[in-house]
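Subject: Structure handover and notes

Hello,

Please find the structure below, with the sequence. My notes on charges, salt bridges and backbone follow it.

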Amino acid sequence: MKYFKIKVKYLILLLIALSFLYASVPFAYSKIAKGYERKGKIEHAAVYYEKSLSLVPDFLKSGEDIYDYANTLSSGAMEHSLYKIFPYGHGGAGNNMVPTDEALNTAISLYKDLIENHSSDPWAKWAHIRLAEIYIYLGDYKEAEKYLMSGKTNADAGLIYVLYNSTGEYDKGINLLEDLIENNKSYFDMNYYDGLANLYIQSGKYDEAIYTYKQALNKTAEINKDSSEEYLIDKKEELKVKIKKAQEMEYNKEMEIKGIDSEMGECRGRVTVDGKGVEGVRVYIKDKEIYKDNYIGSTLDFPFTTTDKDGYYSIDDVLPGEYDIGIGIRPHEILGKAYLDNRDDQRILQSRGILLNDFEFKTSIEILTPDDEIKVSKDKLEISWKEYEGAESYSLVAGLMIEGSYGTSIFADKIKENKAVIDIKKVAPGFMGLASFNDENRPTPGTLLGMYGEGKVIYGVQAYDRNGKLISSSMPVIKTTKLPRHFVLITQKLEGDNLIKAEQYEKARDWFLNYLDKNPEDVHSLYVLSRYYEYCEEDYAKAKEYLNRLYQITKIEEYKSHMEGLSDK
C-alpha cells in the first residue's frame with residue numbers, strides 16, 4: 001500500500017512537471033516569434049506566433065500575441081506601405097511586402113476575434129485602428145469608418161485625414177479632428193493641425209485653415225521657448241509659408257466671385273498599368289516652396305486626391321509654382337511591373353495653367369540569360385532577353401550593389417538585337433561615387449572593395465520605341481525577390497580583401513601597399529587604395545595618385561573623371 005502511495009505521489013509530480021512543460025512551450029514560441037519580429041523576419045515570426053496560439057485555449061490566449069500575429073500577416077497593408085513615386089523626389093520608396101489575400105483575411109479575423117472575444121484586453125483597442133488602416137488600404141471606406149469611430153480615441157490625425165479626404169466627406173473629418181484637438185491638451189501633435197487645415201482647404205474654408213495654421217504656429221512658439229530643436233524652427237517657417245499660401249488661395253477665390261479671373265490652375269494626369277487605368281491611387285501634390293527637400297519622407301501631410309475608375313485624377317485650385325506630383329499605389333498593383341520614368345513630366349505650373357503628369361507601368365522585360373545570382377569569373381558576360389513588342393532599340397543598364405544600396409546607369413545604348421555584352425572591368429569605375437557608411441560614419445567594406453571581394457554587379461535592359469520613348473524595362477519597381485537581378489563577380493582572392501571585410505582598414509592598407517610594391521600594376525590593389533584614401537583618411541592627393549595609376553594602366557575614362565572631381569576637394 002505504501003509503495004502504491006509513493007507511485008501516486010511521483011505520478012502527480014510528473015503530471016505537474018509535464019503541465020508546466022506544456023504551458024512553457026507556447027511562451028517559448030512567442031518569445032522566438034518576437035525575436036524574429038525585432039530582426040525584421042516577419043515570415044518566421046508569423047510561423048511561431050501561429051504555433052504559440054494553437055497550443056493555448058481561446059480564453060487563455062494573449063491579446064498581445066494575437067495582435068502581433070495579425071500584424072505580421074498584414075504588415076504590408078497600411079497607408080505607410082503604399083509604394084510612393086515622385087519623379088523629382090529621388091524615385092520610389094515604400095514597403096515591398098505584398099500580403100496575400102489569405103494572410104490578410106486571417107489577420108482581419110484575428111483582429112475581429114480580439115475585439116469580440118477579448119474586449120477587456122488592452123490590445124483590443126488597437127485592433128480597431130489596425131482594421132481601419134487595412135480597410136482604407138483596401139479602399140473599403142465604409143468598413144474603415146466603422147472601426148475608426150469605434151476606436152477613435154486611439155486614432156491618429158493621418159488616418160482621419162486620409163479617410164475623409166479619400167471619401168470627400170470633409171466635414172466629418174473636420175469635426176473629428178476639432179474634437180481631438182480640443183480634448184488633447186497633454187501634448188502637441190502638428191499632424192492634427194495639418195490634417196484639419198488641409199480638410200478646411202479642400203472644402204473651401206480658407207479662413208478656418210488660416211486660423212488653424214496660426215494656432216499651430218502659436219503652439220510651436222510656446223514650445224520653442226523651452227527648446228531650440230531645429231525641427232521646431234523648420235516647422236515654424238513651414239507654417240508661415242502655408243499661411244501665406246492659404247491667404248493667396250482665399251484672395252483668388254474672392255476674385256472669382258467678383259468675376260475676375262483667378263491665377264490658380266490645375267493638375268491632371270492618369271495612372272496606368274499595361275495601359276489600363278488604376279482606381280484608388282493616391283496622387284500627392286508636394287509644393288516645393290513648402291517642402292524643399294527632395295527626400296520623399298512621410299506623405300501624410302501632403303494634400304492628395306485619388307484616381308477614378310479609369311485611373312484619371314484632377315487637382316483644382318492650385319496656385320502657380322513648382323510642384324512634385326507623386327503617387328502612392330498598393331504594391332500588389334505593380335508587382336513585377338516596370339515604372340516608365342520618361343522624365344517628360346511637368347513640375348512648373350504657370351498662372352491659369354495645367355500641370356500634366358502621367359504615371360505608367362508596364363510588364364517588365366524577361367531576361368533569358370544568364371540565370372540570376374550566378375557566379376562569374378570572366379571579363380565579359382553576354383546578356384540576352386525576350387524581344388519586347390514595339391521596341392526599336394534597347395539599352396543595357398549596369399551598376400554595383402554596396403550593402404543593399406546600389407546605383408545604375410546606361411552601360412550601352414541603341415542596341416538593335418536582343419542581346420549585349422557587359423565588359424565587367426568597365427562597370428566599377430562608373431560608380432566610384434557610390435558609397436555607404438555605418439552608424440559611426442565609417443565607410444562600409446563594400447565601399448572600399450567595389451566589385452572586388454565577390455562584389456555584386458546588377459544589370460537590366462530598357463526598351464525604346466522608334467521615337468526614343470521608354471516603353472519597358474527588365475527592372476520592376478517591386479520584385480518577388482529582395483535583390484535586383486545581379487551576378488556575383490569572382491576575382492582574385494587577396495588577404496587584404498578579408499581584412500577589409502573584417503573592417504581592419506589600416507591593416508588592409510598596409511597589406512595592399514606591400515602587395516603593390518611587388519605587383520605595381522595590380523588594378524585590384526590600386527582601386528582599393530584609391531577608395532581607402534578617399535573615404536577613410538580623406539587624403540585626396542593620395543587617392544588621386546592611385547587613380548592616376550589606374551588610368552595610365554587601364555585607359556578607362558571614368559577613373560580620370562573621378563580624379564578630376566577630387567581636385568575640387
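A residue is called buried under 20% relative accessible area, exposed over 50% and partly exposed in between, with a 1.4 Å probe and protein chains only. The model is predicted, and local features need pLDDT of at least 70, side-chain atom pairs count only at pLDDT 80 or more, and totals for chains, interfaces and linings use all residues. Residues are numbered from 1 along each chain as its sequence is written, and side-chain values use heavy atoms, with hydrogens and water left out.

Salt bridges

A salt bridge is counted when a side-chain nitrogen of Lys or Arg lies within 4 Å of a carboxyl oxygen of Asp or Glu. By this rule there are 30 salt bridges. As background, side chains of opposite charge can pair when their charged atoms come close.

Helices (H or I, at least four residues) and strands (E, at least two) are DSSP runs, numbered from the N terminus. Are the two partners buried or exposed? Lys-245 counts as buried because its relative accessible area is 8%, and Asp-287 is buried because its value is 8%.

Asp-58 and Lys-61 also form a salt bridge, with their closest N and O atoms 3.9 Å apart. Asp-58 has a relative accessible area of 36%, so it is partly exposed. Lys-61 is at 24%, and therefore partly exposed.

In the salt bridge of Lys-309 with Asp-310, the closest N and O atoms are 3.4 Å apart. Lys-309 has a relative accessibility of 60% and so counts as exposed, while Asp-310, at 34%, counts as partly exposed.

There is also a network of salt bridges, which links Lys-34, Glu-64, Asp-65 and Asp-68.

Charged patches

Patches are made of residues with over 30% relative accessible area and no salt bridge, and like charges are joined within 9 Å. The areas come from the Shrake-Rupley method with a 1.4 Å probe, and for residues only the protein chains shown count as cover. Lys and Arg count as positive and Asp and Glu as negative, while His and the chain ends are not counted. Each charge is placed at NZ of Lys, CZ of Arg, CG of Asp or CD of Glu.

Lys-31 sits in helix 1 (residues 2-38). Its relative accessible area is 58%, so Lys-31 is exposed.

A negative surface patch consists of Glu-178, Asp-179, Asp-207, Glu-208 and Glu-254. Helix 8 (170-183) and helix 10 (206-224) are the elements that contribute two or more residues to the negative patch. Glu-208 is found in helix 10. Glu-208 is partly exposed because its relative accessible area is 34%.

A polar contact

The side chains of Asn-71 and Tyr-111 are joined by a polar contact of 2.4 Å. The term covers a pair of N or O atoms within 3.5 Å; within protein, one must be able to donate a hydrogen and the other to accept it, and residues adjacent in sequence count only if both atoms are side-chain atoms. Asn-71 is located in helix 3 (residues 63-74), and with a relative accessible area of 18% it is buried.

Backbone

Most residues other than glycine have a negative phi, and most peptide bonds are trans. Where is there a cis peptide bond? Thr-369 and Pro-370 are joined by one, with omega about 0 degrees. Pro-370 is in the loop between strand 13 (367-369) and strand 14 (375-376).

Arg-352, which is not a glycine, has a positive phi of about 60 degrees. Arg-352 lies in the loop between strand 10 (348-349) and strand 11 (354-356) and is partly exposed, at 49% relative accessible area.

Lys-414 also has a positive phi, near 55 degrees. Lys-414 is in strand 17 (residues 405-415) and counts as exposed, at 68% relative accessibility.

Regards

Note on methods
Patches are made of residues with over 30% relative accessible area and no salt bridge: like charges are joined within 9 Å, nonpolar side chains (Val, Leu, Ile, Met, Phe, Trp, Tyr) within 5 Å.
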